[in-house]
Amino acid sequence: MNKRVVVIPTYNEIENISDIISSVLSLPYDYDILVVDDNSPDGTSKAVERLMTQYPDRVFIQKRTQKTGLGTAYVHGFKWALKHNYDYIFEMDADFSHNPKDLDLLLEACMQGNDMTIGSRYVKGVNVVNWPLNRVLLSYFASVYVRFITGMKIHDTTAGFICYHRSVLESIPLDKIKFVGYAFQIEMKYRAFAKGFKIKEIPIIFTDRTKGASKMTNGIIQEAVFGVLRLRIKKLFNRL
């Protein structure tokens, strides 16, 4: 049977982490869970460790000593997943902005022959709940901008709800990825696109968090804007 793991990066997600883990473990398909915690001072890692005693073969944690960004947390989780021989590796937020039930949709689309499937907010209109209009417009037009610069045929280029077949992650030089926010999500998609992997977007409804605080900053947005140009230039000079 194909092994599956959901990588969930956390920083101060005590209000959500137990519920999100329980929701994933209750799905029809079996998923293991890897939490990559950046030394949360609110006790997130301790909550995960309590669940590990209940599900010793399904819930795992990697604790990092400091908060160094979403991208580095995912890279850490991807390396762990490849080392532990998982076939399908997922990205998902801890705050229920991604509906755990949609994991099954992403998995099934991957098992039908796609290498990478994306839970997309924009492949069929705009499916975002509880976001202010300015943030919806920023996210939507960021993807328009990325498509224009890179040539990718992906509607939601900054999406963070993804299923990878392990072959995609094995082909990407993970140590070379330095972006941490939106730019990380764009770079992963662009590298997969540039290598010719089959990518499919699955429409989802994205719901903004109701508990905990957003990690979005102006620096993350600026990184995405200028990071896309850097990616395109690297590709032109075959340095991607």
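1. A β-α-β crossover is right-handed if, with the strands pointing away from the viewer, the path from the first strand over the helix to the second runs clockwise. By that rule β2, α2 and β3 make a right-handed β-α-β unit, and β1, α1 and β2 make a right-handed unit as well. Helices (H or I, at least four residues) and strands (E, at least two) are DSSP runs, numbered from the N terminus.

2. This is a predicted model, in which local features need pLDDT of at least 70, side-chain atom pairs count only at pLDDT 80 or more, and totals for chains, interfaces and linings use all residues. Residues are numbered from 1 along each chain as its sequence is written, and side-chain values use heavy atoms, with hydrogens and water left out.

3. Strand β2 is parallel to β1, with six bridges joining them, and parallel to β3, with five bridges. Strands count as paired if DSSP finds at least two bridges between them. Val5 has Asp32 of β2 as its bridge partner, while Ile33 stands opposite Val59 in β3.

4. Six of the six residues of β2 are buried, so the strand is largely enclosed by the rest of the structure. Buried means under 20% relative accessible area, exposed over 50%, and partly exposed in between (1.4 Å probe, protein chains only). Asp32, Leu34 and Val36 point one way from β2, and Ile33, Val35 and Asp37 point the other way.

5. Helix α2 spans residues 44-54, and its residues Thr44, Ser45, Ala47, Val48 and Leu51 are buried. Seen down the axis of α2, the buried residues fall within an arc of 155°, so they line one face of the helix; the arc is that of the directions from the helix axis to the C-beta atoms. An α-helix has 3.6 residues a turn, so residues three or four places apart point the same way. The face of α2 turned away from the buried side carries the exposed residues Lys46, Arg50 and Thr53. Cover for the buried residues of α2 includes β1 (4-10), α1 (17-25), β2 (32-37) and β3 (59-63), where contact means heavy atoms within 4.5 Å.

6. In helix α7 (residues 182-194), 11 of the 13 residues are buried, so this helix is largely enclosed by the rest of the structure. Among the buried residues are Glu187, Lys189 and Arg191, along with Phe184, Ile186 and Met188. From first C-alpha to last, α7 reaches 18 Å, close to the 18 Å expected at 1.5 Å a residue; the expected span is 1.5 Å times one less than the number of residues. Gly196, which follows α7, has a positive phi, near 85°.
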